[in-house]
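Take a look at the structure below.

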Amino acid sequence: MSEAKAEAAPKSKKNILLIIVAAVLVLILILGGALAFFLLKSPAEGNAEEATAEAAAHGEEKKKEKKKEKKADEHAKPVFAKLQDQPFTVNLSGEAESVLQVEIMVELAEEADKERITSVQPKILDAVNRLLRAKTLEEVKTPQGQEELARQIREKINAILEVEAKDEGVLSVNFTKYFYQ
């Protein structure tokens, strides 16, 4: 009887060890399957809100990166562009004999804005010419009038460029030649 117990004890230990090994293997298979499911799951299989939130987060990251680049470039040298090769020469409104001749350089937020200005240059030149022709001699003679004219030109160009923020597109308008008569 005692020999039977002695033989039964190693068999039950073997069975318990086999059960533990089988349970560990089943557990590893379940965890591996779950991990593979979550890692290989495509965004299309997820809900639309998750995909939208992920896309929005990605867009925010790009904006933040762009702002960081701009801050880093703040200490870089400024970018200037001449609106046209020849100075603008227009007859002013009001008195028949009054003329304004200006050469305009614009300060740009980034080098890529030069290409944007070139691509819509006819629209910009037309808008600036119309604005200059609408001014009177009294308006363009004073420093305040010149500042106002520069501000209006900046707004017109940025509207054509569809600029949304103040630190994009044309940052300032500079008259390198300013003659009125």
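The model is a predicted one. Lys 114 forms a salt bridge with Glu 111. Their closest N and O atoms are 3.5 Å apart. Glu 111 is partly exposed too, with a relative accessible area of 48%.

Another one joins the side chains of Arg 116 and Asp 113, at 3.1 Å from N to O. These two residues sit three apart in helix 3, so about one helical turn separates them. Arg 116 is partly exposed, with a relative accessible area of 31%. Asp 113 has 1% relative accessibility and therefore counts as buried.

Helix 6 holds a further pair. The side chains of Arg 151 and Glu 148 meet in a salt bridge, with 2.3 Å from N to O. Arg 151 and Glu 148 are three residues apart in helix 6, so they too are separated by about one helical turn. Arg 151 is partly exposed at 37% relative accessible area, and Glu 148 is partly exposed at 30%. Glu 155 joins in as well: Glu 148, Arg 151 and Glu 155 are linked in a network of salt bridges.

Now turn to helix 4, residues 121-133. Helix 4 has 13 residues and reaches 18 Å from its first C-alpha to its last. That is close to the 18 Å expected at 1.5 Å a residue. Its buried residues are Ile 124, Leu 125, Ala 127, Val 128, Leu 131 and Leu 132. Seen down the axis of helix 4, these fall within an arc of 165°, so they line one face of the helix. What do the buried residues of helix 4 pack against? They pack against strand 2 (88-91), strand 3 (99-108), helix 3 (112-119) and helix 6 (143-160). The face turned away from the buried side carries the exposed residues Pro 122, Lys 123 and Arg 130.

A search of the whole structure finds three aromatic pairs. The rings of Phe 37 and Phe 38 have their centres 5.4 Å apart and their planes at 70°, so this pair is edge-to-face. Phe 37 is partly exposed at 49% relative accessibility, whereas Phe 38 is exposed at 59%. Elsewhere, ring pairs link Phe 175, Tyr 178 and Tyr 180 into a cluster.

Technical notes
Residues numbered from 1 in each chain as written. Predicted model: local features only at pLDDT ≥ 70, side-chain atom pairs only at ≥ 80, totals over all residues. Heavy atoms only, no water. Phe/Tyr/Trp six-rings, centres within 6.5 Å; stacked < 30°, edge-to-face > 60°. Buried < 20%, exposed > 50% of the residue type's maximum accessible area, 1.4 Å probe, protein only. Helix = DSSP H or I, 4+ residues; strand = E, 2+ residues; numbered from the N terminus. Expected span 1.5 Å × (residues − 1). Arc of directions from axis to C-beta. Contact = heavy atoms within 4.5 Å. Salt bridge = Lys/Arg side-chain N within 4 Å of Asp/Glu carboxyl O.
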